[in-house]
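User: I would like to go through this model with you, one topic at a time. Could you begin with the terms and then take my questions as they come?

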Amino acid sequence: MRPFVLIVIGASIRSAFPAVALSPPDPFQRTDSAPEQRPFGLPFAEPPGPDTWLMVQPYGNTIGAFRQRKTTYRAGQGLHFGIDFAARCGTPVVAIGDGMVSEVDALFHGAAPHNLMIDHPNGYASFYGHLLERPPLSPGQPVRRGQVIGKVGDPDGTCRSRPHLHLEIRDAPAHRRAYNPVLLIEADWDSLALIGGFSRGFQKDLADPRRWQFLDDQPEVVFGGPLLNDFANPWPPEWREP
Ligand SMILES: [Zn+2]
């Protein structure tokens, strides 16, 4: 009986003193410093899943990036400076926010064979890499959030090797810094990390083993800056070609 009684009392109090005075504290209110509403959306219209797309490598101090810190990821201070989403070749990619196309196939940014940069009015830019084809867009062209701007491709050009979208968020218009998209894209990132293929985790510096071990505590990248992950005592240990 007790829950019923409480509900009745609650209802009568609410009707006697409506609205403001009785609004309870929200037990699910965020207490960290992340913004309430992140400004961007995901780069796919379809929900995630085994027959659509999955997150396979997050942004930051990943083990994969550590192993290629002096080669592939050297320009980005040794970190994986974007998020990888596995998807079949040809999967439509959508703009994560309203903006204007700033660069098409600027391959000095990496992520061949085709890529696209969109500048957004909030001071960020989004970069879509490893696209299948040159996007049919030109610099200066406006795009809307959710608009299809390209197709997923494969960096190896086969569509059977490792087709995926590499998505970055940078500063606009300079494009010299990379930010953690997890903090800027509205999504259930913890669930995406559980169902994707990211099983190897983050590289540890045994001198400071808790640093940069989570989806949302990764450092910003300044392109051309010093390596951030050239750890003296890394774990897993240094990897060498067998
Ligand atoms: Zn990537």
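Analyst: A salt bridge here is a side-chain nitrogen of Lys or Arg within 4 Å of a carboxyl oxygen of Asp or Glu. Please note that this is a predicted model.

User: How many salt bridges are there by that rule?

Analyst: The count comes to nine salt bridges. One of them joins the side chains of Arg144 and Asp98, at 3.7 Å from N to O. Arg144 lies in the loop between strand E7 (142-143) and strand E8 (148-151), and Asp98 in the loop between strand E3 (92-94) and E4, so this pair ties together parts that are 46 residues apart in sequence.

User: Is Arg144 buried or exposed?

Analyst: Arg144 is exposed, with a relative accessible area of 55%. Asp98, at 34% relative accessibility, counts as partly exposed.

User: Which residue does Lys151 meet in a salt bridge?

Analyst: The side chain of Lys151 meets that of Glu133, at 3.6 Å from N to O. Since Lys151 is in strand E8 and Glu133 in the loop between E6 and E7, the pair ties together parts that are 18 residues apart in sequence. Lys151 counts as partly exposed at 35% relative accessibility, and Glu133 is partly exposed with a relative accessible area of 40%.

User: And Glu168 with Arg170, buried or exposed?

Analyst: Both Glu168 and Arg170 are buried. Their side chains form a salt bridge at 2.7 Å, N to O. Arg170 also lies over the face of Phe127, at 5.5 Å from the ring centre.

User: Which residues are linked in a network of salt bridges?

Analyst: Arg69, Asp230 and Glu238 are linked in such a network.

User: Let us change topic. What coordinates the zinc ion?

Analyst: The zinc ion is coordinated by His80 through NE2, Asp84 through OD and His166 through ND1, at 2.0 to 2.2 Å. The spacing of these donor residues in sequence is H-x3-D-x81-H. Asp84 lies in strand E2 (residues 83-87) and His166 in strand E9 (residues 164-171), so the pair ties together parts that are 82 residues apart in sequence.

User: Is Asp84 buried or exposed?

Analyst: Asp84 counts as buried, at 7% relative accessibility. His166 also counts as buried, at 5% relative accessibility.

User: On to the aromatic residues. How many aromatic pairs are there?

Analyst: The count comes to nine aromatic pairs. Phe66 and Phe231 form a stacked pair, 6.3 Å centre to centre with 15° between the planes. Phe66 lies in helix H2 (residues 63-67) and Phe231 in the loop between E12 and E13, so this pair ties together parts that are 165 residues apart in sequence. Both Phe66 and Phe231 are buried.

User: What about the rings of Tyr73 and Phe81?

Analyst: The ring centres of Tyr73 and Phe81 are 6.0 Å apart and the planes are at 80°, so this pair is edge-to-face. Both Tyr73 and Phe81 are buried.

User: Which residues do ring pairs link into a cluster?

Analyst: Phe44, Trp53, Phe85 and Trp189 are linked into a cluster by ring pairs.

User: Which residues of the largest nonpolar core touch the most other members?

Analyst: This core holds 39 residues, and those that touch the most other members are Phe85, Leu116, Tyr128, Ile149, Leu165 and Trp189. The elements that give two or more residues to the core include strand E1 (53-57), strand E6 (124-131) and helix H3 (189-195).

User: What does Ile149 touch?

Analyst: Not counting residues up to four places away in sequence, Ile149 touches Val93, Val94, Ala95, Leu116, Ile118, Tyr128, Pro135, Leu137 and Val143.

User: Finally, the backbone. Where is the cis bond to Pro113?

Analyst: A cis peptide bond joins Ala112 and Pro113, with omega about 5°. Pro113 is in the loop between strand E4 (99-104) and strand E5 (114-119). The peptide bond from Trp235 to Pro236 is cis as well, with omega near -5°, and Pro236 is in the segment after strand E13 (234-235).

User: What is phi of Trp212?

Analyst: Trp212 has a positive phi, near 55°, in a residue other than glycine. Trp212 is in the loop between strand E11 (204-205) and strand E12 (221-222), and is buried, with a relative accessible area of 13%. Arg211 lies over the face of Trp212, at 4.0 Å from the ring centre. His175 also has a positive phi, about 65°, although it is not a glycine.

Conventions:
Residues are numbered from 1 along each chain as its sequence is written. This is a predicted model: local features need pLDDT of at least 70, side-chain atom pairs count only at pLDDT 80 or more; totals for chains, interfaces and linings use all residues. Side-chain values use heavy atoms; hydrogens and water are left out. Donors are N, O and S atoms within 2.8 Å of the metal (3.2 Å for Na, K and Ca); water is not among the atoms, so sites may look incomplete. Helices (H or I, at least four residues) and strands (E, at least two) are DSSP runs, numbered from the N terminus. Buried means under 20% relative accessible area, exposed over 50%, partly exposed in between (1.4 Å probe, protein chains only). Rings of Phe, Tyr and Trp (its six-membered ring) pair if their centres lie within 6.5 Å; planes under 30 degrees apart count as stacked, over 60 as edge-to-face and the rest as tilted. A charge sits over a ring if NZ of Lys or CZ of Arg is within 6 Å of the ring centre and within 35 degrees of the ring normal. A nonpolar core is a set of buried Ala, Val, Leu, Ile, Met, Phe, Trp, Tyr and Cys residues joined through side-chain atoms within 4.5 Å. Contact means heavy atoms within 4.5 Å.
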